[in-house]
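Trainee: Please take one part of this model and go through it closely, with the cut-offs behind each term.

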Amino acid sequence: APPGSPRNQNPHMHLLEALLALHAATADRGWLARADAIVDLAHRAFAADGTLAEHFAEDWSPAPAPEGGWREPGHHFEWVWLLDRYEAQGGAVPVDALARRLLAFGLEHGLDRGPGRPVGVLDRVDAAGAVVAPTRRFWPLSEAVRALAVADRRWRTPGARSLAEELL
């Protein structure tokens with residue numbers, strides 16, 4: 001990025017996804033080595049406070065408010081699934097604790113269980129879990145279902161399967 005440009009976690013998340021697909025298709029460990037660097041960055045910057053921040057300054061410190069405080073629960077769920085894939089493919093950076101923290105935050109603060117409507121995933125909360133944008137989109141539901149499948153298989157998380165069924 002050009003000097004002074006803002007930095008974001010989302011493009012790195014999708015690059016990780018692409019690198020994992022390339023590694024799976026080619027078995028070339030070079031793709032996995034590049035994925036290692038992104039997962040390391042996730043530990044050091046994206047999720048340094050235990051939640052997944054979205055926007056950063058050039059030095060990877062949190063961006064100024066309000067953007068620096070935003071968290072998207074759908075991305076928390078998406079990272080859980082990606083970290084599981086990364087580990088399964090032989091990634092070098094430990095991910096279990098990070099994946100568990102991201103799942104816990106998403107489940108605790110990202111689900112909208114309003115009366116008289118189906119469970120949804122909130123678009124945006126802050127680092128403490130307070131709602132910033134009460135809107136909901138469809139894609140985070142699929143990410144939550146994938147993360148819950150990981151939680152059920154990997155950690156035998158109580159209620160993960162029934163919650164996934166409720167989201168569907």
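**Salt bridges and a helix pair**

Mentor: Asp-84 is buried, its relative accessible area being 4% (buried means under 20% relative accessible area, exposed over 50% and partly exposed in between, with a 1.4 Å probe and protein chains only). The model is predicted, so local features need pLDDT of at least 70 and side-chain atom pairs count only at pLDDT 80 or more, while totals for chains, interfaces and linings use all residues. Residues are numbered from 1 along each chain as its sequence is written, and side-chain values use heavy atoms, with hydrogens and water left out.

Asp-84 pairs with Arg-85 in a salt bridge at 3.0 Å, N to O (a side-chain nitrogen of Lys or Arg within 4 Å of a carboxyl oxygen of Asp or Glu). Arg-85 is partly exposed, at 28% relative accessibility. Both residues belong to a network of salt bridges that also links Glu-87, Asp-96, Arg-100, Arg-153 and Arg-154. Over the whole structure, the search finds 14 salt bridges.

Now the helix pair. Helix α3 covers residues 73-88 and helix α4 residues 96-109 (helices are DSSP runs of H or I with at least four residues, strands are E runs of at least two, and both are numbered from the N terminus). Their axes come within 8 Å and cross at roughly 155° (axes are lines fitted to C-alpha atoms, for helices over the stretch in contact, and angles run from 0 to 180 degrees between N-to-C directions). α3 is therefore roughly antiparallel to α4 (over 145 degrees; under 35 is roughly parallel, 65 to 115 roughly perpendicular, the rest oblique). On the α3 side, the contact involves His-76, Phe-77, Trp-79, Val-80 and Leu-83; α4 contributes residues including Leu-98, Leu-102 and Phe-105 (contact means heavy atoms within 4.5 Å). The contact residues divide into 10 nonpolar, two polar and no charged (Ala, Val, Leu, Ile, Met, Phe, Trp, Tyr, Cys and Pro count as nonpolar, Asp, Glu, Lys and Arg as charged, the others, Gly among them, as polar).

Asp-112 and Arg-136 meet at 3.6 Å, N to O. Asp-112 lies in strand β4 and Arg-136 in strand β6, so the pair ties together parts 24 residues apart in sequence. Asp-112 is buried at 12%, whereas Arg-136 is partly exposed at 31%. Arg-113 bridges to Glu-166, with the closest N and O atoms 3.8 Å apart. Arg-113 lies in the loop between β4 and β5 and Glu-166 in helix α6, so this pair ties together parts 53 residues apart in sequence.
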